[in-house]
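Please find below a colleague's note, written for someone who is opening this entry without having seen it before. The points are numbered and can be read alongside the sequence and the 3D view.

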Amino acid sequence: MRTAVVPSNIALIKYWGKREGGRQWAANDSLSMTLTEAATKTSARLLDGPHDELWIDGQRVVGDAQSKALLHLVLLRQELGFATPLVIDSHNSFPSDCGVASSASGLGALTLAAIAAWTGARSLPDLQARGFDLSRLAHLARLGSGSACRSFFGGYVLWHSGGSEAFQRVDTVIARDEMPLADTIVLLSRDKKGVPSTVAHKSAWSSPLFRPRLAGLPDRLKTMTEALHAQDFTRLGEAIETEALEMHAVMMTSTPAATYLLPRTSDFIVWLREARRQGDFEAYFTLDAGPNPHVFSRVKDQALVADRIRTRFGAEDLILDCTGTGPTLCL
Ligand code: PMV
């Protein structure tokens, strides 16, 4: 049995839209922060039987052609030539499909656990010795879910979209200790999202805002990396909010449109900005493809921020997360 724990990651610059002519070839460079608490723990062992057996959060997934996880196992076999079926048991530390980036940690952990089981590797260095370093694992995980590739590295991670699919690169660009931050994830809704991000990615190019967005992203990436190096939280936070709203503007102006925000999300944004303006605390939001805000703050301010959110929005579920160090693998 091999057990992988792969954290989720939250994008500061979003991967939104893909380029033609490659598998999961991102339209733009994206930048993320690897998390700690929001993670997927997946165990895999070889099975003496005809088919894979997949369990997610205690539920057996049977013959579901739509299951990203089962399709990913098929794809890994095609890529790597392993044949033996596996028993996979996977648990998320957080609700899935509601904008907490469960596909990143889920597909990441599946990739790592399955390859460890097939190769018999006992640790990450052992996997590297067998030809599977973190870059290769990230590349394989990306084929299942683009954002999963960033979860293989700690701190702040750049997924560079490169000149072709094969030249995409993923690596830590700023170490965790340069600027550890808190991410308080606010679960305003646990409902599954209506439009899967795989579907919505495809319509990005139809938005009149998409090409102007792509033209402006290199400057935003520069702003964010400079702000991280300079530990300039205010500059970073302002860019993070603009980026999140821009991605949602693209989603809402695409054909077909995808609207992930709820009225409660707008209420939350208005409240957070007002609290900040009044000097109560300094925190900034981002959003993934879902209605649930991620609130960045300095680590020392997280308890206060969480307390204010609870007071204003009732007994909401919060995940108190922070910058993380990447995946682990054990027996
Ligand atoms: O990896 P996917 O196909 O689930 O797309 C993820 C897209 C966002 O979460 C909205 C942004 C990102 O970069 O993580």
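1. A polar side-chain atom of Arg150 is 2.8 Å from a ligand oxygen, and a side-chain N or O atom of His201 is 3.0 Å from an oxygen atom of the ligand. The ligand taken alone exposes 380 Å², of which the protein buries 96% (areas by the Shrake-Rupley method with a 1.4 Å probe; for residues, only the protein chains shown count as cover).

2. The model is a predicted one, in which local features need pLDDT of at least 70 and side-chain atom pairs count only at pLDDT 80 or more, while totals for chains, interfaces and linings use all residues. Residues are numbered from 1 along each chain as its sequence is written, and side-chain values use heavy atoms, with hydrogens and water left out.

3. The ligand is surrounded by 14 residues, the closest being Tyr15, Ser145, Ser147, Arg150 and His201 (a residue is near if one of its heavy atoms lies within 4 Å). By class, this shell holds 5 nonpolar, 6 polar and 3 charged residues.

4. Helix H6 covers residues 210–229 (helices are DSSP runs of H or I with at least four residues, strands runs of E with at least two, numbered from the N terminus). At 1.5 Å a residue its 20 residues should span 28 Å, and because its end C-alpha atoms are 28 Å apart, the two values agree (the expected span is 1.5 Å times one less than the number of residues).

5. Asn292 sits in the loop between strand S9 (283–286) and strand S10 (294–298), and it counts as buried because its relative accessibility is 0%. The side chain of Asn292 has a polar atom 2.8 Å from the backbone nitrogen of Leu188, and the side chain of Asn292 also reaches the backbone oxygen of Ser189 at 2.8 Å.

6. Gly17 belongs to the loop between strand S1 (2–13) and strand S2 (30–46), and at 0% relative accessibility Gly17 counts as buried.

Note on methods: A polar contact is a pair of N or O atoms within 3.5 Å; within protein, one must be able to donate a hydrogen and the other to accept it, and residues adjacent in sequence count only if both atoms are side-chain atoms. Ala, Val, Leu, Ile, Met, Phe, Trp, Tyr, Cys and Pro count as nonpolar, Asp, Glu, Lys and Arg as charged, and the others, Gly among them, as polar. Buried means under 20% relative accessible area, exposed over 50%, partly exposed in between (1.4 Å probe, protein chains only).
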